[in-house]
Amino acid sequence: MKVEINAKPLPVKKGNFKYGNIKSCYGVNTLYFTKDGSPFVPIAGEMHFSRVPNESWKRELLKMRDCGINAVSTYVFWNFHEAQKGKFDFEGDKNIARFLSICREIKMPCILRIGPWDHGEVVRGGFPKYINRMRGKRTDSPKYLKEVEDFWRGLYKEVSPYMDGETVIGIQLENEYTGSTEHIRTLRRLAEKIGFKTPFFTMTAWPSDCPDDEFLPMVGGYPDAPWSMGKKALKPANRFAIRQGRTEADIGDDLIKNKNKSKTDAYMFIPYASCETGPGNQVTQHRRPYISEKDGYGVGFAKFASGCNFLGYYMFHGGRNPINGFMQESRITGYPNNYPVIDYDFQAPISRYGECRPHGDLLRLMHLFIQYFDSEICTKQAYFPKWKSSDPADISFLKCSVRTDENISGYFFASTYEKGLKYKDFNNVSVIVNMSGRQVVLPEINIKAGSMFFYPFNMKIGNVLFDYILAQPIAKFEQNGKTVCFFTECCGIKPRYSVNGVEKDIPVGEKGVTEENIKIIVLPIEKALKMHIAENQIYFTDSTVYADNKFIYCEEKDKFNFNDEIKFSRCKKINLPYGYYLYSHGKRQYYELKINPKLLDDYFDIELVFSFSALNLQVFSGDLLINDYFNIDGNFVMRLREYKKQIENGALIIRTAERTKFGVGNVYQEIKPEKRKTHLTLSKVNKITVCKHRLK
């Protein structure tokens, strides 16, 4: 197969952007972002402070940093903080000032999404009831704007010390707005009047697709669309495709109809930035997509390969809604989807309980590359071959790109993965890159189905000009007068490199190979996924880890023989509230869970893993609903530290409901669990301990 890419560089201009209103170290041109005058790739991970226990904020932010996240984005839900007019709540998990103080302490910049309408699967999009009842909401209505001003003034009192251009570096106004951008301009004027300062005011680019010089337009895309109304697997829609288009066609279809088609030309001189690149999905009652390792990695990889220079992930860290608050979006509140009352795990790279998942490991490798191998990758424009077909189901041709500078030095990206499709291998792939009368011919390779990878070509490392290195780069360091480069395998491709037309093999393993003063180490992917970097030091572990103050903390998981410490059994029916939120008329079952509360004095946490064959479940402490779960893959996982107080008060009760053939209990499940007489079985208990190691 021959692939030809004709690269025509666009001029990089300063741009006439008015995104910020404060002097800061951050800048932007028509292609990329800068920090202290140098090219910079923001990698923002969404974590909602109000959906994560406040005592764990610092630890969880540091875990995100370990995954290569260099900024955190978070919603500020109006109805979380001012449910009743004039009565503000910024305590406990809602203490945004404390959250921002931690961001400042660990030097993790924050992007605040302050609405006033947010969505985020929160009831009424985050509006308090008294706002939702108003006529003229989400318009320039003076009455509505006065209410927004009052809320924002209350918020500003909390966040004003962090409007320094370094802690809060972005403010998103509104979300998925269908009206004129003029209203968002009004909101900006109002925010500035109150005193909000930021290097970047942002807005979601959909559905208008009309860039405005006052707002950095942020795009998005998800591995699935659980908000869509059907109960079958989605048709392919190039969600994982390396392509020129920026915004996925079906994002926001739950609330927005008749969106404008993407105007690619309108973004030619706008930096490519995302705020909702989905490494996961929140499941709905009627749709249960399972986000695999490749699903969680694939959308971010495709956007990066397509030229995205501001990677914003929604969500990167899962969470939960406040207990007994009923803050979730549901049909009973007038929205098209039913969501869990409590659970907001989102199948994110870091779970709601703080465990790094396999797609978090994969994304970390890509982020380490940006940080430690080529921090100027953002200066390299993306170029694509001409597609043979616009049909998303057409897998007869290779979705690929190059990101290269004007010397045709850069990286070749390829993907043969699309959820719901089965690619075949592409053999004897020959790629030619043409630019300004010059040509680079890449080595002929075989590309395996289901693979996603990139490798460098025509690249100078140290004093050596490599024709190519057939391995995926991770990081490089100067050590004892040598440049040591870490790579991992490109799926199914034998690692090798070429200098001056002479090709040499690279052994897989830590021994590596040396070319002049350049040492190349290609790690097997299993080893690479355990690679972490802190304080420019490399270490390997398969634990969830974070670094703080010259120490590495590893959360290690081991099987625990629970004996009499944990007792789980089926019990008789117990009268419990909130049966509506099980969303099924199927048969109920009840279980009693007794836990010795002293267990949590001995271990950092205890993890219960249940085999679950029914549709939904709820966990109660007395009449208090403390947790729930919509079945995705036949497993229900619950860690206990968060529920220590409830466990001390006595046994927990779990109520389950099975699926039905008709009605609200008839749902789409990508992984349909085998039906059993007993819905729930405690299959495993793990103890979580934290080991502390000093960095050298």
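In this predicted model, the charged end of Lys476 sits over the ring of Phe373, 4.9 Å from the centre of that ring. Phe373 also belongs to a cluster that ring pairs link together, and its other members are Tyr297, Phe301, Phe304, Phe369, Tyr411, Phe413, Phe454 and Phe487. There is another lysine placed over a ring, namely Lys13, whose charged end sits over Phe269, 4.6 Å from the ring centre.

Helix 7, residues 293-305, packs with helix 8, residues 358-372, at an angle of about 25 degrees, and their axes are 7 Å apart. Since angles under 35 degrees count as roughly parallel, helix 7 and helix 8 are therefore described as roughly parallel to each other, and their crossing is right-handed. On the helix 7 side the contact is made by Glu293, Gly296, Tyr297, Gly300, Phe301 and Phe304, while helix 8 contributes Pro358, His359, Leu362, Leu363, Met366, Phe369 and Ile370.

Now to the other helix pair I would like to show. Helix 5, residues 142-159, and helix 6, residues 181-194, pack at an angle of about 40 degrees, with axes 10 Å apart, and these two helices are therefore oblique to each other. Helix 5 passes helix 6 in a right-handed crossing, and among the residues that make the contact are Tyr144, Trp152 and Tyr156 of helix 5 and His183, Leu187 and Ile194 of helix 6.

Coming back to the rings, the count for the model comes to 51 aromatic pairs. One of them joins Tyr222 and Trp227, whose ring centres are 5.6 Å apart and whose planes stand at 85 degrees, so this pair is edge-to-face. Tyr222 counts as buried at 4% relative accessibility, and Trp227 is buried as well, with a relative accessible area of 9%.

Let me finish with the backbone. A cis peptide bond joins Gly115 and Pro116, with omega about 20 degrees, and Pro116 is found in the loop between strand 7 and helix 4. A cis peptide bond also joins Tyr314 and Met315, with omega about -10 degrees, and Met315 has its place in the loop between strand 13 and strand 14.

Which residues other than glycine have a positive phi? Phe346 has a phi near 70 degrees; this residue lies in the loop between strand 15 and helix 8 and, at 4% relative accessibility, counts as buried. Lys550 has a positive phi of about 70 degrees, but Lys550, in the loop between strand 32 and strand 33, counts as partly exposed at 46% relative accessibility.

Key. Residues numbered from 1 in each chain as written. Predicted model: local features only at pLDDT ≥ 70, side-chain atom pairs only at ≥ 80, totals over all residues. Heavy atoms only, no water. Phe/Tyr/Trp six-rings, centres within 6.5 Å; stacked < 30°, edge-to-face > 60°. Buried < 20%, exposed > 50% of the residue type's maximum accessible area, 1.4 Å probe, protein only. Lys NZ or Arg CZ within 6 Å of the ring centre and 35° of its normal. Axes fitted to C-alpha atoms, helices over the stretch in contact; angles between N-to-C directions. Helix = DSSP H or I, 4+ residues; strand = E, 2+ residues; numbered from the N terminus. Parallel < 35°, antiparallel > 145°, perpendicular 65-115°, else oblique. Left-handed = near helix turned anticlockwise from the far one by under 90°. Contact = heavy atoms within 4.5 Å.
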